[in-house]
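Please examine the sequence and the structure before reading on.

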Amino acid sequence: YRSLNPHPGDDFNHFYYLAKSLLHGQVDIKNFPYHDAVYVNNKTVLAFPPAPSLLIMPFIVLKTGLNQKEISIILGAINASLIFLLLSRFTNKKLALIISAFFTFGTVHMWASVVGTAWLFAQVSAVFYLLLSLTFFFNKKYFLSGLFFSLASLSRTTIFISVLFFVSQILDCESPSRKADLIKFLSAAMF
C-alpha cells in the first residue's frame with residue numbers, strides 16, 4: 001500500500017481535525033482549513049459521521065505524527081488481513097488467500113486506502129468496523145458485533161442496510177437463545 005503513495009499529503013484530513021477536537025472534549029473544529037463543513041453559531045462542525053475519527057485518536061495520543069492518509073494505508077492493510085482471517089473460517093487457506101488478494105488488489109479498497117481523503121477514509125473505516133462486526137458475529141459475540149456494526153454505520157450511513165443480513169442470520173438459526181441474541185445485537189447496534 002505504502003509504495004503506491006510514498007508521500008501522502010495532508011489535504012482533506014477532515015477526520016484528523018475532528019479527532020483532535022474530540023480529544024479536547026469538543027465536537028466543533030477550530031481553524032478548519034476546508035470549506036465543506038457546517039457552520040452553526042460561529043462554530044464549525046463536520047457533516048460526516050464521527051466514527052472514522054475514533055480510529056485516528058490513538059495515533060494522536062501516541063504522538064506518532066501520522067496523518068489521516070497514512071493511517072488509512074495502515075487500516076487498508078489491516079482490512080486485507082481481516083478478510084483473510086474471516087474467510088479462513090469458511091474455506092481452506094489457499095482459497096481464502098486468493099479471495100483476500102482479489103479484495104485487496106481487485107477492488108477499489110486498495111485505491112481508497114492509499115488516497116485516504118475524507119470520503120475514502122470513511123469507506124475504509126466502515127469496512128474495518130464491518131469486518132470486526134462479522135468476526136464477532138460468527139463467534140457468537142452478538143453484543144460486540146452490534147457495537148462494531150453501529151460504528152460501521154457511523155462511518156458510512158449506507159452500511160446500515162446490512163442490518164438485514166445480521167437480523168436474518170440470527171432469526172434463521174434454530175438456537176433457543178435467538179431472541180436474546182437478537183436483542184444483544186440490536187441493543188448494541190442502536191448505539
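The model is predicted: local features need pLDDT of at least 70, side-chain atom pairs count only at pLDDT 80 or more, and totals for chains, interfaces and linings use all residues. Residues are numbered from 1 along each chain as its sequence is written, and side-chain values use heavy atoms, with hydrogens and water left out. Helices are DSSP runs (H or I, at least four residues), numbered from the N terminus.

**Helices α2 and α3**

- The axes of α2 (residues 51-61) and α3 (residues 68-88) come within 11 Å and cross at roughly 110 degrees; axes are lines fitted to C-alpha atoms over the stretch in contact, and angles run from 0 to 180 degrees between N-to-C directions.
- That angle makes α2 roughly perpendicular to α3 (65 to 115 degrees).
- The crossing of α2 past α3 is right-handed, a term for a near helix turned clockwise from the far one by less than a right angle.
- Leu55, Ile56 and Phe59 of α2 make the contact with Gln68, Ile71, Ile74 and Leu75 of α3, where contact means heavy atoms within 4.5 Å.
- Six of these contact residues are nonpolar, one is polar and none is charged; Ala, Val, Leu, Ile, Met, Phe, Trp, Tyr, Cys and Pro count as nonpolar, Asp, Glu, Lys and Arg as charged, and the others, Gly among them, as polar.

**Helices α7 and α9**

- α7 (residues 142-153) and α9 (residues 178-189) pack at about 30 degrees, with their axes 7 Å apart.
- α7 is therefore roughly parallel to α9 (angles under 35 degrees).
- α7 and α9 also have a right-handed crossing.
- The contact includes Tyr142, Phe143 and Phe149 of α7 and Asp181, Lys184 and Phe185 of α9.
- The residues of this contact divide into seven nonpolar, four polar and two charged.

**Helix α1**

- His14, Phe15, Leu18, Ala19 and Ser21 of α1 (residues 14-23) are buried, that is, under 20% relative accessible area with a 1.4 Å probe, protein chains only.
- These residues lie on the same side of α1 because they cover an arc of only 165 degrees around the axis, taken from the directions from the helix axis to the C-beta atoms.
- The buried residues of α1 pack against α2, α3 and α6 (118-138).
- Gly25, which follows α1, has a positive phi near 75 degrees.

**Phe102**

- Phe102 is located in helix α4 (residues 93-106).
- Phe102 counts as exposed because its relative accessibility is 54%, and exposed means over 50%.
- Phe102 and Phe59 are 43 residues apart in sequence and 29 Å apart in space, C-alpha to C-alpha.

Technical notes. Helix = DSSP H or I, 4+ residues; strand = E, 2+ residues; numbered from the N terminus. Parallel < 35°, antiparallel > 145°, perpendicular 65-115°, else oblique.
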